[in-house]
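Take a moment with the fold before reading on. The tour below starts at one residue and then widens to the whole chain.

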Amino acid sequence: SSINAMVYIRGHRADYEEWEAAGNQGWGWPDVLSAYKAMEDTEAGADDWRGAGGPLFVSANRKGLHRLVRPYIDACESAGLREVADFNGAEQEGAGVYQMTIKNARRNSAARAFLRPAMKRPNCRVITGAMVTRVIIENGRAVGVEYRRGGVSRVLRAKAEVILSGGAINSPQLLQLSGVGPARVLQGLGIPVVLDNPNVGDHLSDHQGINYTWRMTVPTYNDELRPWWGKLVAGMKYVLAGAGPLAKSINHAGGFFRTSPDLSRPNMQLYMQAFSTLIPREGERPLLTPDPFPGMSIGLSNCRPSSKGHIRLRSADPFEHPVITANAFSTDHDVQEMLAAVKYLRHLAAQPPLARLIAEELRPGPEVQTDEALIADFRARSGTVYHPSCTCRMGPDPATSVVDARLRVHGIDGLRVVDASSFPNLIAGNTNAPSMLMGWKGAEMILSDAL
């Protein structure tokens, strides 16, 4: 996930229009846009779509780009996908450079941008090395949490509310451990049912990614990062100048396109990497073991998959990982659009600006031609791009959702879920920015409800 965790994409305005249309007041595009603008400090400066002066610095990522970025964007233009200066601006569709949540060559995470400054306040205390094991619910109200630290169980009582921000895997797991979830599953594990809501842990949505890889006739990051001295040089560049390949995400450029002209908005996302790793060594980070030849990968992920999975407790032991069932490509819709998308990757690679720099296709390889073979390949090789969401999804009706539009858990007082699990549906793009949006808007709601 670290490979694209710093890419800053808000999603398409239509995603938020859908959130609002589903009955989630306060989550329409104008509401969300003003929150994003307040949150951001955009290096490129403020305009009708972007903000400056907020706590979250977003780099424009214009310096130190790999020299293959230009031919990639030119190839997209040649294929009819025009260059876009800002994927978070007026139009998402097109190809261009990704903005990053990077500040002074370091990942500008939510912890750095928001939590660290808040920790200086007397009303914020962070307990590390602790694992919350359940929410304590008395008479239909969340009154605190139980947590374990250093093998000792402790209880924290809440004066006001309990807010879960464990993410799309851990938040539903915690609710289920606390007796809120599918009664059938909880009873089977001997957990007393506080509230039967089968939506807890359901509707799991995630983007599926696949890379196509080519051997190039020009140098790529493989040449720089493969030899020991290359790793040393990259390390020195980073430490001394905050520059070089280690100073940013490996995905320098990307884009959004439609697999069919009759779609109203893009349904596929592109990731361009001047780097390849077909032979990762067990347990090593791919970035440290590039291929011994110049390689380039172009990846894709589906923006709005219709396949849904779920998160279910495996046992009543909070330290046991829950069962994560992805169900990727379980609908014909998802299979057909991905088939069209991988064909488009080859179409991009065949455009003159890239074609003249490509020696050969390595993955899946030129022998993979038929629809059946292409489908078998992406079923075998694709994987999560780590954007799980919607497992405690927002909605007005407890029969189909877990939290309301103010992120309060239906049927339990004093309990909210504020993270990517609360998305009503998965947005088109990386979930880094929208997860921070949940925190920003969630905090505003908590404050205004407390007054």
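**Backbone, helices and rings**

Cys 390 counts as buried because its relative accessibility is 2%, and the cut-off for buried is under 20%. Keep in mind that this is a predicted model. Cys 390 sits in the loop between β19 and β20. Its backbone deserves a look too. Phi of Cys 390 is near 75 degrees, a positive value in a residue other than glycine.

Tyr 386 is found in the loop between β19 (383-384) and β20 (415-417). Tyr 386 also has a positive phi, about 65 degrees, although it is not a glycine. Most residues other than glycine have a negative phi, and most peptide bonds are trans. Where does the chain have a cis peptide bond? One runs from Arg 363 to Pro 364, with omega near 0 degrees. Pro 364 lies in the loop between β18 (358-363) and α11 (371-381).

Now turn to a pair of helices. Two packed helices are described by the angle between their axes and the distance between the axes. Helix α1 covers residues 13-21, and helix α2 covers residues 29-39. They pack at about 125 degrees, with their axes 8 Å apart. That angle makes α1 oblique to α2. From α1, the contact uses Arg 13, Tyr 16, Glu 17 and Glu 20. From α2, it uses Trp 29, Asp 31, Val 32 and Tyr 36. The residues of this contact divide into four nonpolar, no polar and four charged.

Some of these names return in an aromatic cluster. Tyr 16, Trp 19, Trp 27, Trp 29, Tyr 36 and Phe 423 form one such cluster.

How many aromatic pairs does a search of the whole structure find? The search finds 12. One of them joins Phe 87 and Phe 256 edge-to-face, at 5.5 Å centre to centre and 70 degrees between the planes. This pair links distant parts of the chain, 169 residues apart. Phe 87 is in the loop between α3 (69-78) and β3 (94-97), while Phe 256 is in strand β13 (residues 253-257). Both Phe 87 and Phe 256 are buried.

Step back to the whole protein. It has 12 helices and 20 strands. Of its 451 residues, 52% are buried. Among contacts with a separation of 6 or more, 67% join residues 24 or more positions apart. The protein exposes about 20,000 Å², and carbon and sulfur atoms supply 54% of that area.

Terms used:
Residues are numbered from 1 along each chain as its sequence is written. This is a predicted model: local features need pLDDT of at least 70, side-chain atom pairs count only at pLDDT 80 or more; totals for chains, interfaces and linings use all residues. Side-chain values use heavy atoms; hydrogens and water are left out. Axes are lines fitted to C-alpha atoms, for helices over the stretch in contact, and angles run from 0 to 180 degrees between N-to-C directions. Helices (H or I, at least four residues) and strands (E, at least two) are DSSP runs, numbered from the N terminus. Angles under 35 degrees count as roughly parallel, over 145 as roughly antiparallel, 65 to 115 as roughly perpendicular and the rest as oblique. Contact means heavy atoms within 4.5 Å. Ala, Val, Leu, Ile, Met, Phe, Trp, Tyr, Cys and Pro count as nonpolar, Asp, Glu, Lys and Arg as charged, and the others, Gly among them, as polar. Buried means under 20% relative accessible area, exposed over 50%, partly exposed in between (1.4 Å probe, protein chains only). Accessible areas come from the Shrake-Rupley method with a 1.4 Å probe; for residues, only the protein chains shown count as cover. Rings of Phe, Tyr and Trp (its six-membered ring) pair if their centres lie within 6.5 Å; planes under 30 degrees apart count as stacked, over 60 as edge-to-face and the rest as tilted.
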